[in-house]
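Work through the exercises below with the coordinates open. Try each task before reading its solution.

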Amino acid sequence: MNLSPDSYVNCAKQNWSKLKNSAVAAIFLGIAATLLPLDNTKAQQSTAEAPAVEAQPAQHKPTLAEAAGLAQGKVVYRDVVLIDGTSENARPDMAIVIQDDRITAIVPNSAVSEDMLDGATVYDMAGEYVLPGLIDSHVHLATLPHRATASAYMKRYIYGGITGVRDMAGDVRALADLSRASLVNEIPAPDLFYASLMAGPDFFSDPRTVTSGLGGVPGKLPWMQAITEDSEIALMVAQAKGTSATGIKIYANLPGKLVQAIIAEGKKQNFPVWSHLQVYPATPYDSLGATVASHVCMIARYVGERNKQRYGHDNPPSYEGITAEHPEIRKYISALLKSGTIMEATLSVYDEISAEQAAALNEDGTPQRPGCSRVLAAGITRAMLEAGVPIIAGTDRAAPADDPFPKLYEEMEALVSDAGLTPQQAILSATSVAARGLGKSQDIGTLEAGKFANMVFVKQDPLADISALRSISLTVKRGHRFERKDYEHKNIPELVYPE
Ligand SMILES: [Zn+2]
């Protein structure tokens with residue numbers, strides 16, 4: 001196992017019986033017992049049973065908790081300006097106390113006690129801003145699995161302050177491997193949450209499903225299930241859960257009745273369901289009640305092309321005259337608000353469209369009709385925000401290969417500049433609201449005692465200007481530190497997809 005040297009820093013302080021009694025360690029022991037080779041596990045157990053055996057000073061034997069990648073020790077970050085993801089105002093002169101992988105206290109600098117400092121590593125942050133670790137709610141890391149490329153993306157995420165990503169369907173075998181490698185701190189990476197896909201049977205000839213299901217039959221795999229009238233939905237949701245995915249993604253083509261049945265079953269089994277805003281021939285109203293609906297402009301397409309029967313980006317309708325004020329869009333927004341479904345806008349997938357592009361004709365003289373514009377997508381997002389719909393930040397796009405920062409920064413900047421979110425609202429869209437979309441609010445999304453130590457330190461004030469995220473100095477994920485100065489960006493290799 002390739003553990004970072006960080007894991008060994010606090011070796012001397014290890015106390016096996018203390019760890020054994022901690023609930024957190026128990027969870028990791030459960031994981032580690034399934035991960036480590038049997039002989040290694042045995043060796044650790046006998047150490048636990050016979051702590052009096054003389055230590056070999058030259059050779060450090062990692063504890064099981066260390067081997068499982070659990071951050072170790074007490075750390076205090078002093079003199080921070082706290083943006084905790086719960087309140088409007090930043091609080092200066094604060095301190096955050098961490099034990100192992102979780103926050104144990106957040107107090108004013110003046111209230112840091114001797115007890116808190118006892119045995120702690122202390123960092124004076126000199127007034128830097130700290131906010132909860134960011135979450136990109138829409139990435140694709142294993143459509144065509146390639147570990148080196150995925151690892152390069154994940155490295156850019158974690159050194160860019162992103163401590164969690166939601167992968168919206170790929171090869172779950174590869175995603176599980178990456179997720180575990182991240183969890184045990186074998187690679188510098190955010191926590192990886194991923195989807196198990198459900199769609200109508202005709203979707204599973206798409207080349208992307210072939211690359212994500214090599215060795216099996218797409219549509220008949222637990223992470224890529226074709227749903228029909230005859231499907232036992234309860235069993236299929238249970239199978240999706242069994243892949244260790246975090247939620248179900250509903251995609252492409254399905255009738256409304258089946259979309260509703262999957263959402264209802266997800267609720268019953270306490271498993272998030274993430275849907276495209278519309279699948280076909282279902283309507284956008286059928287996916288209300290899902291935990292999250294993706295791609296804001298699909299509602300404009302529904303208004304412009306009411307009888308679309310099948311999924312696809314081709315031949316878009318004319319969006320002329322469609323704005324957020326359209327009565328059909330207003331009606332949808334009211335229903336959306338009532339449903340409690342979170343909207344993942346993905347402004348990043350909607351481009352600016354020039355007047356020239358809008359007026360362009362095909363060779364046969366018919367209008368070219370570019371897709372939904374950024375202006376329209378942002379306008380609808382703004383109307384949803386004003387109505388009170390929760391918005392989350394997802395990109396569905398990667399930044400260019402040579403960009404040292406992740407695409408999420410641009411999405412958050414666009415949510416502010418184009419859709420009218422305040423910087424604080426944009427931060428919530430990538431932290432606490434995103435955590436709700438994942439069903440993980442108990443552990444991540446805000447800075448509070450008891451939650452994972454997932455946080456980003458930036459030198460400038462992101463509440464004054466959201467682009468201040470680019471002044472990032474440090475990411476902490478589950479207690480592990482990733483200093484920005486240690487990140488050397490290398491061009492990320494582009495993957496070429498088979499035809
Ligand atoms: Zn996507």
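**Exercise 1. Confidence**

Task: State the average pLDDT of the protein and find where pLDDT stays under 50.

Solution: Start with the source: this is a predicted model. The protein averages a pLDDT of 89. At least 70 is reached by 87% of the residues. Over residues 1–51, pLDDT stays under 50. The model has 55 contacts beyond four places in sequence for that segment. Read these with care: where pLDDT is low, the predicted coordinates should not be read in detail.

**Exercise 2. The zinc site**

Task: Which protein donors does the zinc ion have, and what spacing do they follow along the chain?

Solution: List the donor atoms. They are NE2 of His138, NE2 of His140 and OD of Asp396. Their distances from the zinc ion run from 2.0 to 2.3 Å. Write the spacing next: H-x1-H-x255-D. Then place two donors on the fold. His140 is in the loop between strand S5 (134–139) and helix H6 (147–159), and Asp396 is in the loop between strand S16 (391–392) and helix H15 (408–417), so this pair ties together parts that are 256 residues apart in sequence. Finish with accessibility. His140 has a relative accessible area of 35%, so it counts as partly exposed. Asp396 is at 18%, under the 20% limit, and is therefore buried.

**Exercise 3. Two aromatic pairs**

Task: Classify the ring pairs Tyr159–Tyr487 and Phe203–Tyr251 by geometry.

Solution: A search of the whole structure gives nine aromatic pairs. Take Tyr159 and Tyr487, among them. Their ring centres are 5.2 Å apart and their planes meet at 15°; this pair is therefore stacked. Tyr159 belongs to helix H6, while Tyr487 is in the segment after strand S19 (480–483), 328 residues apart. Tyr159 is buried at 10% relative accessibility. Tyr487 is buried too, at 12%.

Now take Phe203 and Tyr251. Centre to centre they are 4.9 Å apart, with 70° between the planes: edge-to-face. Phe203 sits in the loop between strand S7 (191–199) and helix H8 (207–211), and Tyr251 in strand S10 (residues 247–251). Phe203 has a relative accessible area of 9% and is buried. Tyr251 is buried at 5%.

**Exercise 4. Charges over rings**

Task: Which rings have Lys308 and the charged end of Arg481 over them?

Solution: Lys308 lies over the face of Tyr280, 5.0 Å from the ring centre. The charged end of Arg481 is over the ring of Tyr123, 3.7 Å from its centre.

Key:
Residues numbered from 1 in each chain as written. Predicted model: local features only at pLDDT ≥ 70, side-chain atom pairs only at ≥ 80, totals over all residues. Heavy atoms only, no water. Donors = N, O, S within 2.8 Å, 3.2 Å for Na, K, Ca; no water. Helix = DSSP H or I, 4+ residues; strand = E, 2+ residues; numbered from the N terminus. Buried < 20%, exposed > 50% of the residue type's maximum accessible area, 1.4 Å probe, protein only. pLDDT = per-residue confidence, 0-100. Contact = heavy atoms within 4.5 Å. Phe/Tyr/Trp six-rings, centres within 6.5 Å; stacked < 30°, edge-to-face > 60°. Lys NZ or Arg CZ within 6 Å of the ring centre and 35° of its normal.
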